[in-house]
Each structure stands twice: as C-alpha cells, then as structure tokens.
Amino acid sequence: MNETQINWTDVTWNPVSGCSKVSAGCKYCYAENLAENKRGTLAFPRGFELTIRPHKLDEPRRLKRPSLVFVNSMSDLFWEEIPDDYRDRVIDAMRAAPQHRYQVLTKRPENARRYFERRSVPECMWMGTTIEHALTVGRADILRDIDAKVRFISAEPLIGQLDGINLSGIHWLIGGGESGCHLANADICQRRGMVRRGDRRAGEPGWVVRKDREGWARHLRDACAGAGTAFWWKQWGGVRPESGGRLVDGVTHDGMPSFPGAMPPGHQVRVIAPKGADKLRLPLHAAPRTMAAE
Ligand code: SF4
C-alpha cells in the first residue's frame, strides 16, 4: 500500500503493474511514464510490461484502518494480459479484508462484465470506468450491466464535453482536467488542457481555467445533480494536478456515495499534506467526520 496525492482515495494498492493503451485518455499515461523511467530498477524491473506482484496480496488484510483503496493505479485490472486466475486472487484478497472499499477503475468495462458473468462482485468493491470524451460514453452502459454496490465514472483526463452521457445507475462521478509536465508544451496544452498559462502582467495566477472548457465541468456537475450522482471535481489540472485549483464556480465538489454500506465503516476523511510538508505537524487524518453526498 502506498500513500498518494490522489485526493479521492486514501491509499493505492498495486498487486500488478503494466498495461497497454486503449483510448485517447491513455496518450500521456502517468503510470507508463513512471514505470518506464524506472525500468531495470527493483521497483519496475520490466518497466511497464506485465508484472505480477503476489507478495502484495496480503497488504489489505494488514491495513487495519478502514480505507478507500485505489486498486492498480499502475495498471488496469481488466487488461487482457492479466490471467483470470491471478485476477481471482486479487478479488479474493479484497474479500479477505472487507473493512476497506476497493476502487477498481478500468478502461475495459467489457472485460469486467465478462469476468463477472460467472462470479459475484464483492460487496466491498466499487466498480468504475473511465470516460474521457464523448466517443467513450458507451462505457457507462456496459458498467450498468455489472452488479456492483457502487458504480462510478472517472472523467479524467476530461478532453471533451461528455455529450450523451447517461448517469442512470451511476453512484459517483469524478472529473478532472489533464495534468503532467507535458502540459508545459503550449500545443499540447491547447489541445488537451482545461487550463492556460496565466498572464502575470494582468495579475493572473500561474494557471487559469479556460473559459472555453469550464463548461465541460459544469455540464458534469449539472448532470450529476439531475441524476442523483455524487460529484467530485478533482482538479482543473496543468503541469501539476493542483496547478489550476479545483473550484467550479467558486465551489469545492467533494461528493461521495453516501448510502448505507457504501463507505468503509468508520471512515475518516484524509487531509493531504502538500508535498514536502512536515508530516509530524500535518496528520494523515483529520477529526472524524463522515463524507456526505452533495
Ligand atoms: S488504461 Fe490506464 S494504465 Fe493502461 S495505458 Fe491507459 S491510462 Fe495507462
């Protein structure tokens, strides 16, 4: 398990790493970049090729604090290269530690649907799919076929307005703009970013939300309100995830699924310490409070 700067989870768990690209959202995959940069090291001996990590299967059981666990931030559990019998072991590890809620996110919901045709989804597992532009909104229809207690959509990196998205039966949606060093390139930022460089002479901050794209976030916020789907706006993005902030029309959106049994029992909201902050003075958890849907 690893601490993470991803603000909608508590820890990441990577019982497998490696993946291949499936759609436009993968173009600047941070996981590939990280793994390939460390190719040949102990952590990533095979770079972004398939790497099974059975020694990690027991980690959830050893983590006692009920947590939100993002499964495979360095892979896609439903990648064709991962054998079903190892996928079974990952799912079994979740069942063995039901005090957590496991956030499984895939760009291959058709593979997940096929897998769960002959197995049940654990009560403690959330099933999600990424939808990054209007061409992939059909993934929500496939996700709806999967009998998970919580179904969610990650609209990140959001690279187009999600016209035609149907949120019926979807409990949670996370949205966010593209981030990464590649956005320092003006052409890439123009094509994929939700932010632009600020004009310092005009008193603007370093990164500013683009007027022509903020409507994409409003569209999701309003679609979620209409469908009763909890809405989390993660970031506007930029060279760092937090470059453009995360306010939509001046409001922070931290919606989470709130029906009984959705969240880990006794879950406490995590306060993310800024990188380099003194962790002795900034505790991992704030005073207990329950996350509520908006
Ligand atoms: S599916 Fe995810 S992990 Fe796999 S290449 Fe695409 S962005 Fe990377």
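Reply: At 0% relative accessibility, Phe 152 counts as buried, where buried means under 20% relative accessible area, exposed over 50% and partly exposed in between (1.4 Å probe, protein chains only). The model is predicted, so local features need pLDDT of at least 70 and side-chain atom pairs pLDDT 80 or more, while totals for chains, interfaces and linings use all residues. Residues are numbered from 1 along each chain as its sequence is written, and side-chain values use heavy atoms, without hydrogens or water.

Me: How is an aromatic pair described, and which kind do Phe 152 and Trp 172 form?

Reply: A pair of aromatic rings is described by the distance of the centres and the angle of the planes. Rings of Phe, Tyr and Trp (its six-membered ring) pair if their centres lie within 6.5 Å; planes under 30 degrees apart are stacked, over 60 edge-to-face, and the rest tilted. The whole structure holds 11 aromatic pairs. Phe 152 and Trp 172 form a tilted one, with 5.4 Å between centres and 50° between planes. Because Phe 152 belongs to strand β8 (residues 150-155) and Trp 172 to strand β9 (residues 172-176), the pair ties together parts 20 residues apart in sequence; strands (E, at least two residues) and helices (H or I, at least four) are DSSP runs numbered from the N terminus. Trp 172 is likewise buried, at 0% relative accessibility.

Me: Which residues touch the most other members of the largest nonpolar core?

Reply: In soluble globular proteins, nonpolar side chains tend to be buried together. A nonpolar core is a set of buried Ala, Val, Leu, Ile, Met, Phe, Trp, Tyr and Cys residues joined through side-chain atoms within 4.5 Å. The largest core has 59 residues, and those touching the most other members include Trp 13, Met 94 and Tyr 102. Helix α3 (residues 84-95) supplies the largest share of this core, 5 residues. A second, separate core of 15 residues includes Trp 8, Phe 70, Phe 152 and Met 256.

Me: How many salt bridges are there?

Reply: A salt bridge is a side-chain nitrogen of Lys or Arg within 4 Å of a carboxyl oxygen of Asp or Glu. The count comes to 28. In one of them, Arg 139 meets Glu 132 at 3.2 Å, N to O. Arg 139 is buried at 10% relative accessible area, and Glu 132 is buried at 0%. Lys 211 and Glu 214 form another, at 3.5 Å; here Lys 211 is exposed at 69%, whereas Glu 214 is buried at 14%.
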